[in-house]
Number of protein chains: 2
Amino acid sequence: MSYTAPVTDIAFALTHLAGLHKFEGHPEFENYDAELVEPILDEAGKLARDILAPLNQTGDKAGSKLTEDGVKAAPGFAEAYAAFRDGGWMGLSAPEEWGGQGLPKVLGLAVMEMFHGANMAFGLCPMLSFGAIEALLAHGTEDQKATYLPKLISAEWTGTMNLTEPQAGSDVGALKTKAIPNGDGSYAISGQKIYITWGDHDVAENIIHLVLARLPDAPEGSRGVSLFIVPKRIVNADGSLGADNGVKCIGLEEKVGIHASPTCVMEYDGAKGWLIGAENKGLACMFTMMNSARLNVGLEGVGVGEAAWQTAFNYAQERKQGKAEGVSGAAPILHHADVRRMLTTMRAKVMAARAICYATGVAADMAEHAETEEDRETAKLREELLTPIAKAWSTDMGVEVASLGVQVHGGMGFMNETLAAQLYRDARIAPIYEGTNGIQAIDLAGRKLSMADGAAMTAMIAEIEQTARDARETNDPNMVQVADRLVAANAALSEATEWMKRTMKEDREVALSGATAYLALAGDVIGGHFLTKGAIEARSESGQIRGRMTALAGFFAETALAAAPGAVAGITHGGQAMLAESEALFGLN
Amino acid sequence: MSYTAPVTDIAFALTHLAGLHKFEGHPEFENYDAELVEPILDEAGKLARDILAPLNQTGDKAGSKLTEDGVKAAPGFAEAYAAFRDGGWMGLSAPEEWGGQGLPKVLGLAVMEMFHGANMAFGLCPMLSFGAIEALLAHGTEDQKATYLPKLISAEWTGTMNLTEPQAGSDVGALKTKAIPNGDGSYAISGQKIYITWGDHDVAENIIHLVLARLPDAPEGSRGVSLFIVPKRIVNADGSLGADNGVKCIGLEEKVGIHASPTCVMEYDGAKGWLIGAENKGLACMFTMMNSARLNVGLEGVGVGEAAWQTAFNYAQERKQGKAEGVSGAAPILHHADVRRMLTTMRAKVMAARAICYATGVAADMAEHAETEEDRETAKLREELLTPIAKAWSTDMGVEVASLGVQVHGGMGFMNETLAAQLYRDARIAPIYEGTNGIQAIDLAGRKLSMADGAAMTAMIAEIEQTARDARETNDPNMVQVADRLVAANAALSEATEWMKRTMKEDREVALSGATAYLALAGDVIGGHFLTKGAIEARSESGQIRGRMTALAGFFAETALAAAPGAVAGITHGGQAMLAESEALFGLN
């Protein structure tokens, strides 16, 4: 069994950690019913386990291929996509108005975690469609919505994001693709885009490209960028598909991992496109897609981490090596304390990242649907605060946990035949795309901490304090110990936050040099807070989840939380030692 | 330029950190002359840069191939090996008696770091020969030495280590390969060995396999294992090569990295072998090879880390993205504080690991050649203590630094065409082979700390205290700050050490659950100690090395050393939270 959806853990995280129960009886989510959560997760879990997971290693080996007729997906992927489409999974949390089921976004995210875990290369295809749907919902005209949304939400068509060009990666404003008005309301789009995920394929009948380009009279830089809808095949007025558009894939990248996900070089040669959103406001539209994608990429980290943990746990039960107390003959390596420590590290971090990502999802739902304006604003600020942490902390975690998974496998982990090896390769892209983790850190430290005078982080720190009080009030000595660790870690987060806010004004360079370390600390403390909350909540649960959550919280408290106070100096002083000697280190003045 | 030997840093680490100057005027090293160090390093650096580095990516792509005539190395590797052989590099630190140059081992290790950095797949070939040479020197008869050593030391032949079988990896005692006496002093060796590095190839005319096998009447487990010399081609009495022996490669593993290094499945079918060392004492002989190999694997971590740092630094100077103060137009990403932080992290860790490995090498030299028995014993204990740290800390560092190198490259880092991507794949094996890093941690915590009542670690901690005093006595406020960090970190190491020694006796399982975290802490503190020493020593140097060492020590002090006190709880308490809930976490009682 290569991947089994962890339905119990996911349901627990949704309900007890992220606060899915807030939607119960909510007028905006009249379709939501807490009783539906597990059945939905079960059903998605079957697709993940039975259809997607079996194609993970075969897809890695075969890859997708560029032919004269465009890109052919790896064997079995078209059928798997059909099963995904027919299951209605794309529309789970899309608006009913456009054919969706109107459930909370966070449920859709939990389902995506499973698909990423079962087969990350596959999961990327719907993930990009999500981004296109979000952009259309937020910025499309009624006509554009009517033309594209129903087919994207039914998954009959897929979507892509076309941002990067060879000279314009993290700096999107440097892009050169042109959009010339055709005079009929459409534009002729010309240019080359790179790293376009699922940019071409044969698993759906049309592909809706969202493309950043420049109008003829556009200002330089990011203020002169506009977003265009460029379908692979033109959509006729009656909704039927017309001629091929002037866009094609001219190359596939050879990558370290996610081989079954075609990473395309796309050529736009006077392709017909339609402006979405205002002229020169493409960056704002792009960020709508990006924010959706960033959280989804965080869930790739969680999914791959979960897969790595499961694979390593299975292997540790099967592989016999050495002796252990109470076992006759060679013992499964699970009996060795060091192996168990690796597995516990993996599981604790996966659960912490899951909680952070789901909490971000709930905040995104509440930002749209909470009853009062004030609640929506508060939720929006929390979503903004948590998004870079969800993306960066979870994907760094994904790489670390996948690497531990390799280590548990020993020599077998270095063999291409092993899923663990594939996960190590696949996981590595997630800290890079949709905004590198360094950019997430800058976003967190430079932008999110200053929004509304840092209200979201202040609220988060207060919430963590409350969790520590709750833990102490259990009067369970183990939980009191966890509470002590959480309080000290929270004080470290608070200190680092104040330093960061102050230094960002006084010496931005020094502040930025600590941004990544600050994000790591924030993720550790917020993750530890959720695990602590989990251990408290699990006290009223039956079965193994109580012991499991207690152990994960205790382990995380003694490792990541206990280490938090010692991480402050790295934020506040690490960069200064380096910046003072830029000449000697880098030949820079 | 894909790899340039960092001769200045290597020479500095050898002389000022590891203590190579101890050999000056030493009667055992009469060939050693401090003036020779840089010329030797320069010459090795040329081979690394001009011959080995250019084959790194081509070798990765082509790999080695199994043909009907045995394994063919990747294109160009035979020529590169010839250049290595003709340069006399194999014999640099081998005894003059057998054709070597009799220089300190640590010099040979420094040279190997370069070869690993330029081309790790290549470096593995001589690395295995080193192990065979060490085993023959320590355990071979005069006749065996005369037959095999000159050709191994001249690099005309290569060596291998044959330990692992499918059911016997970390638990070597579970092996089944048989050795039946032929009645003429030789044995018939039959069985299958896996993961045999450079087990077959066409770059040298003979291969000397050292093979663990069981005699017919051998006891079970590791006490019934003997070591045999099994040449690929039988060596005639006159030294000429005779018939092919009954050993062949029957398969090559498809690995995540080091593609140009053939990882062979070897079949021994009644192959002629000769016992080396005593019957059933093969494990002791194996550990001779292993200890040599472990330190060498640590240097793979250093070499790959150095290559990753250089590659990332080069890319960061070329790749332009975004704006920076004082730069018109798009600025090289080196100007972004976050990128510089990644690069500084890489460089500091590489230098710390290099110092640990070289110090281990000097200890190994002194253990053999120091003048008094007492000095030799003290040095031996230090070698024993540092070897698992050198292996595990440096290889974990190699993976982390290679991963950071990918991150600096952004999307390009995930493309197979990029050296950074290859380094990420190559680096991953080093924490696994020659004893997994978990086994290194058990060796450190369970065995090395108890040797001579922990004298080596006690001495190390005292030495670190002295370094902190020296730093403080500079009266440079930056160095005083480093000293404070080092003192606190050293106190943490001391506390963790006492706990580990005590707990290993009282509750071995709890102790072992903290072993990996303990090794990580020890590496951080000892590494920080060497960087601090470097900053002190560099104060009397001219040029950029003074500023560089000051910055690296300062950065490491505020990050790794400042974090050390917070890591103690993870050692002393992390495992307990986990072990208390083994049932809920793992289904174990």
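Biologist: How many residues of chain B are in contact with chain A?
Modeller: In this predicted model, 76 residues of chain B are in contact with 76 residues of chain A.

Biologist: And which helix gives the largest share of the side of chain B that touches chain A?
Modeller: That is helix α17 of chain B, residues 544-572, which supplies 17 residues.

Biologist: What does that side have by class?
Modeller: The side of chain B that touches chain A has 35 nonpolar residues, 26 polar and 15 charged.

Biologist: Through what surface do the copies meet?
Modeller: They meet through the same surface, because 100% of the interface residues of chain B are also interface residues in chain A.

Biologist: What rotation superposes chain B on chain A?
Modeller: One of 180 degrees, with 0.0 Å of shift along its axis and an RMSD of 0.0 Å. The two copies are therefore related as by a two-fold rotation axis.

Biologist: Which residue of chain B comes closest to that axis?
Modeller: B:Gly566 does, with its C-alpha at 2.7 Å.

Biologist: New topic, domains. How is chain A divided?
Modeller: Into domain 1 (7-153), domain 2 (158-281) and domain 3 (438-578). The centres of domain 2 and domain 3 of chain A, taken over C-alpha atoms, are 40 Å apart.

Biologist: Last one: in what sense do strands β8 and β9 of chain B pair?
Modeller: Antiparallel, over two bridges, with β8 at residues 233-235 and β9 at residues 241-244. B:Val235 stands opposite B:Leu241 in β9(B). The two strands form a hairpin with five residues between them, and B:Gly239 in the turn has a positive phi of about 90 degrees.

Key
Residues are numbered from 1 along each chain as its sequence is written. Chains are lettered from A and ligands numbered from 1 in the order in which they are written. This is a predicted model: local features need pLDDT of at least 70, side-chain atom pairs count only at pLDDT 80 or more; totals for chains, interfaces and linings use all residues. Domain bounds come from an automatic or database domain assignment. Copies are superposed by least squares on the C-alpha atoms of residues with pLDDT of at least 70 in both. Two residues are in contact if their C-beta atoms, placed from the backbone, lie within 7 Å. Helices (H or I, at least four residues) and strands (E, at least two) are DSSP runs, numbered from the N terminus. Ala, Val, Leu, Ile, Met, Phe, Trp, Tyr, Cys and Pro count as nonpolar, Asp, Glu, Lys and Arg as charged, and the others, Gly among them, as polar. Two strands pair if DSSP finds at least two bridges between them.
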